[in-house]
Amino acid sequence: MKSIVVVGGGVGGLFTANKLASKLSAELRRGEVSLTVVEPQEQQVYQPGFLYVPFKELGPDVMFRRVDRLVSPLIRLEREPAARIDMANKKVVLQSGRELKYDYLVAATGSVVKTEAFPGFGEVWHTLWTYEGAKRLREALRKFNGGTIAVSVTSTPYKCPVAPYEFLGLLNDYLMATGLRAKTKVVFTTVAPHLHAQPQVNKFLEEALSMWGFEYRVNFKINAVEPGKLSGPEEIKADLIIAVPPHGGAKVVVESGIVDQAGWIPVDKNTLQIQAQVATGAEYALGDATNLPVPKAGAVAHFQSEVVASRIAEEIQLGHSDTTYDGRVICFILTGFEEATQVSWNYENPAKRPPPPSRFFVRLKDMTNYSIWSVMRCGL
């Protein structure tokens, strides 16, 4: 029997597992292959939905779904957390010491939002990169009556590189609707040397912030977040501070010694095979957990899941695989509650200028929001 172990039951892990269950259904039913997902959480939360929470939360049927209702019946769900990945001996060690031997491993452990990086989370500063943080931000916005709002990207990479700009678009609409726009100054800062790494997207975002009347600073390294101010190359006084905290790799992969100095799993950019010294070629990683030069976003994890699932299925069924990942990225960019645009690119072809924002792309984004769980469950 060939054993496949997927560590992590988020978007990347569940898409990969369900795709494998579909591609290997005959082998799984005959007992020639076993497929296990290690995920201790009872339910998954729809992280792209955090963007809406400060303004108007999506319904619970969209925001939350029980993990056991998202996996194929051909998949074994292991609820005990993984403590260590031992690639030298091809096994996953669980918290109790119990071991899961594998022939193929998929590390889909995501990224961790480090809200402890700056003191005063939820009081001095807010974020929408956690669900609790987004709810607290909603309360803070309701109490805001005008002044300065500072939005800061404190570290890169982070989940969904365009989310801060989508938030700014929604914030602009919110301030207009509440009559606070004329009484509010908005300043955006980022530690990066640009707003976006894709030149055409960067230009689009520069124009959007200018149109909204928002100031922005690049190469702005945050030294401290304190009550009422951001300290960096200059001091920015603010009545409301919203930050993208630093992100890092999950504890299990960090303590297993399979990450780079920044905490991300090094993988081959085309095959998604882990490049650690003890890797055997049967270990894969995808999604937010990797060091790939693509956005840490659900759509990217979805595309990568097809590559990983295809490679493992082909190796089991054919003895080899030629399937590769070309760096495909597709990203919606909300510019307000009723308008959005879309961009795409890959390793070889940079993004073109986004089309003018329209309601059409908002509807496409809504379709994604409301169909994600069923698409994941079906392994599409």
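Helices (H or I, at least four residues) and strands (E, at least two) are DSSP runs, numbered from the N terminus. The model is predicted: local features need pLDDT of at least 70, side-chain atom pairs count only at pLDDT 80 or more, and totals for chains, interfaces and linings use all residues. Residues are numbered from 1 along each chain as its sequence is written, and side-chain values use heavy atoms, with hydrogens and water left out.

View 1. A cavity is a set of points, on a 1 Å grid over the protein atoms alone, where a 1.4 Å probe fits but cannot get out; lining residues have an atom within 4 Å of a point. Grid points are joined across faces, edges and corners, and a volume is the space filled by probe spheres set on the points. Two cavities of 30 Å³ or more are counted. Helix H8 (298-318) and strand E20 (329-334) each supply at least two lining residues. E20 gives the largest share, three residues. The lining has ten nonpolar, one polar and no charged residues. Here Ala, Val, Leu, Ile, Met, Phe, Trp, Tyr, Cys and Pro count as nonpolar, Asp, Glu, Lys and Arg as charged, and the others, Gly among them, as polar.

**View 2. The second largest cavity.** This cavity holds about 30 Å³. Among its lining residues are Asp288, Thr290, Leu292, Lys296 and Gln304. By class, four are nonpolar, three polar and two charged.

**View 3. H1 against H8.** Helix H1 (residues 11-23) packs on H8 at about 35°, with the axes 8 Å apart. Axes are lines fitted to C-alpha atoms, for helices over the stretch in contact; angles run from 0 to 180 degrees between N-to-C directions. Contact means heavy atoms within 4.5 Å. Phe15 and Leu20 are among the H1 residues that meet H8, whose contact residues include His302 and Ile312. The contact has eight nonpolar, seven polar and three charged residues.

**View 4. The five-stranded sheet.** This open sheet runs E5-E2-E1-E9-E19, with parallel pairing. Two strands pair if DSSP finds at least two bridges between them. Strand E5 (76-78) and strand E19 (283-285) form the edges, each pairing on one side only. Neighbouring strands are turned by 20° on average, direction ignored.

**View 5. E1 beside E9, with the helices.** Four bridges join strand E1 (residues 2-7) to strand E9 (residues 104-107). Val7 has Ala107 as its bridge partner in E9. H1 packs on the sheet, touching E1, strand E2 (33-38) and E9. H8 packs on the sheet too, touching E1, E2, E9 and E19.

Note on methods
On a 1 Å grid over the protein atoms alone, a cavity is a set of points where a 1.4 Å probe fits but cannot get out, and a pocket is an open set with protein on both sides within 12 Å along at least five of seven lines; lining residues have an atom within 4 Å of a point.
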